Structures are given as structure tokens and as C-alpha cells.
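Grab a pencil and work through these exercises one at a time. Try each task yourself before you read the solution under it.

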Amino acid sequence: MTSEEAYPPKIIIRAGTVEDLRAALRHGWKDFLRAPGFGLFFGGFFAFGGIAILAMTWALGLSYLAYPTAVGFSLIGPFAAVGLYEISRRLAAGQDLTWKGVLTVIYAQRRRELGWMAFVTMFMLIMWMYQVRILLAVFLGFQSFTSFSGFLTVILSTFDGLAFLVLGHVFGAILALILFSTTVISFPLLLEQEHDFITAMITSFKAVTMSPLVMIGWAAFVGLTLYLSMLPAFLGLLVALPILGHATWHLYKRLISFET
């Protein structure tokens, strides 16, 4: 093992600004236009996954879980965007952009530290669904709903239903913020560098705490964009996900540098 392999480059974190967010979005849009086929493919893959999960809830007679499931599904967005990070990396480096090259890099992550981050995102998704079930039991008991419209009637017209709705969103926002803070930088960092995933998560958290208003503002923008993109049967994700994925890569490059 060489000294470079034994000691990864030192990570330098810079505080973010609103201009960094604007620049990241501009570059994200440009990357999407430069490689629209790749962007639509990854956006479509994510959108199809959301549609499939929703169809499963209806098929199993759990239509009342359709909304929390759809919202929770967006939590794995950072992992789904790995391919988009690789596309932006290749475009910036002037490397050939081929399907084989991009998909090979994604497949190779199963043996790298980034693969562990899949467990982090899935754990948060499980925690999200678990707290939804707990709140359902606490506020609505174990009653069953024959239709989604019946569930909405109870949620929007009763005190217990409104309490479930409010607390569910509060707890969901907390989980989403925790996940965002530990993944917004860690995913692109692990794609580019051979650091361990714990270091990557700590780096991501530090980047958020160094400029909390800017980064939380970015988190809110991403969350709202994904939420609105899911409303038209997830089809908005075809464009929104790739642009946000590319933009996140450029935000990472603006905030993180390395010192050997």
C-alpha cells in the first residue's frame, strides 16, 4: 500500500453562500441539457420506482399509506442520484460519457464505502414508515380504511386526524433534515474519493453546520421540488431529479476541496 492509499487527502470545507446555490443550479441545468438522455433515464428509473411502490400499496389494500410511502420514497433520492454525480464528474473532467462507463462506475460502488450509505438511506426510510405506523396507532387506533378518500376524510375532519398529520410532518421533517445533513456531501465525496463512509458523513454534517441557513434553505428547496414533482404521478421527477442531482454535485465541488 502506498502512502497516498494509506492516507487519503485532507478534506477542506468552505462555508456555502446563496451564490453557491445559484451557481450549482445553473450548472445542474447545463449538465442536464448536455446529457438529457442520461438524466431522463435516471429520473425515469426513480419515477418508475415510486409508481411501483404506490401501486403495491393499493394492491395490498393499504391505500391509506400511499401518501407517507410516496414522501418517504423521496428519502432515497441521494442514493438514486449517484449516477448523475458520475455524469457531472465526467462532463467537468472532459471524459467520455458512455452508458457502459457510467453504469460500470455505479455497479462498482457495491464494493466501495458508498455502498454502506445505501443502508443509511434505507434505515431512515424504515424509520419514517415505522413512525407513521406508530402515529396511526396512537391517534387513529387500529381502524382500517376501505378507501383513500375515507382516510383523507378522517385525517382532515377530526382532531386526532389533524394531530396525526401535523406530528407526522414534524417528525418527517426532522428525519429528512438528519438524512440531508449526513448525505448531501457524503455521497458525491465517496464517489470521488476513497474515504470511509463515517468520515464522509461527518464531513457532510460539518458542511451543513458551517452555513446552516444556506444549506437548510437548499434542503427545503430540494424537498419542495421533489414533493411537487411527485404530484403528477411522479412524472415531474423525470426532469427535476437529474437537475437536482447534477446541482448537488456542483454544490459539493464548490464547498469541498482536498489538500494532499
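Before you start, a residue counts as buried when its relative accessible area is under 20%, as exposed when over 50%, and as partly exposed in between (1.4 Å probe, protein chains only). You're looking at a predicted model, where local features need pLDDT of at least 70, side-chain atom pairs count only at pLDDT 80 or more, and totals for chains, interfaces and linings use all residues. Residues are numbered from 1 along each chain as its sequence is written, and side-chain values use heavy atoms, with hydrogens and water left out.

**Exercise 1. Sort residues by burial**

Task: decide whether Leu54, Arg112, Ser211 and Ile174 are buried, partly exposed or exposed.

Solution: 
- Step 1: Leu54 sits in helix α3. Its relative accessible area is 19%, so Leu54 is buried.
- Step 2: Arg112 belongs to the loop between α7 and α8. With 18% relative accessibility, Arg112 is buried too.
- Step 3: Ser211 is in the loop between α12 (197-210) and α13 (212-230). A relative accessible area of 6% makes Ser211 buried.
- Step 4: Ile174 is part of helix α10 (residues 159-183). Its value is 43%, so Ile174 is partly exposed.

**Exercise 2. Find partners across the chain**

Task: work out which residues Ser211 and Arg112 touch, leaving out neighbours up to four places away in sequence.

Solution: 
- Step 1: Ser211 is in contact with Ala15 and Gly16. Ser211 and Gly16 are 195 residues apart along the chain, yet their C-alpha atoms are separated by 5.8 Å.
- Step 2: Arg112 touches Leu190, Leu191, Gln193 and Glu194. Its C-alpha is also 8.8 Å from that of Asp196, a residue 84 places away in sequence.
- Step 3: zoom out to the chain. Among contacts between residues at least 6 apart in sequence, 76% join residues at least 24 apart.

**Exercise 3. Describe how helices pack**

Task: describe how α3 packs against α6 and against α7.

Solution: 
- Step 1: find the elements. Helices (H or I, at least four residues) and strands (E, at least two) are DSSP runs, numbered from the N terminus, and this chain has 14 helices and two strands.
- Step 2: know your angles. Axes are lines fitted to C-alpha atoms, for helices over the stretch in contact, and angles run from 0 to 180 degrees between N-to-C directions. Under 35 degrees is roughly parallel, over 145 roughly antiparallel, 65 to 115 roughly perpendicular, and the rest oblique.
- Step 3: α3 (residues 36-59) and α6 (residues 82-93) pack at about 165°, with their axes 10 Å apart. So α3 is roughly antiparallel to α6. Phe38, Gly39 and Phe42 of α3 meet Gly83, Leu84 and Ile87 of α6.
- Step 4: the axes of α3 and α7 (residues 99-108) come within 12 Å and cross at roughly 40°. That's why α3 is oblique to α7. Here Gly37, Phe38, Phe41 and Phe42 of α3 touch Trp99, Val102, Leu103 and Ile106 of α7.
- Step 5: sort by class. Ala, Val, Leu, Ile, Met, Phe, Trp, Tyr, Cys and Pro count as nonpolar, Asp, Glu, Lys and Arg as charged, and the others, Gly among them, as polar. The α3 and α6 contact has four nonpolar, two polar and no charged residues, and the α3 and α7 contact has seven nonpolar, one polar and no charged.

**Exercise 4. Explore the core**

Task: find out which residues touch the most other members of the largest nonpolar core.

Solution: 
- Step 1: a nonpolar core is a set of buried Ala, Val, Leu, Ile, Met, Phe, Trp, Tyr and Cys residues joined through side-chain atoms within 4.5 Å.
- Step 2: the largest one has 62 residues, and Ile87, Phe164 and Trp218 touch the most other members. Helix α8 (residues 114-140) gives the largest share, 11 residues.
- Step 3: look at Trp218. Beyond neighbours within four places in sequence, its contacts include Leu21, Phe180 and Leu244.

Definitions and conventions. Contact = heavy atoms within 4.5 Å.
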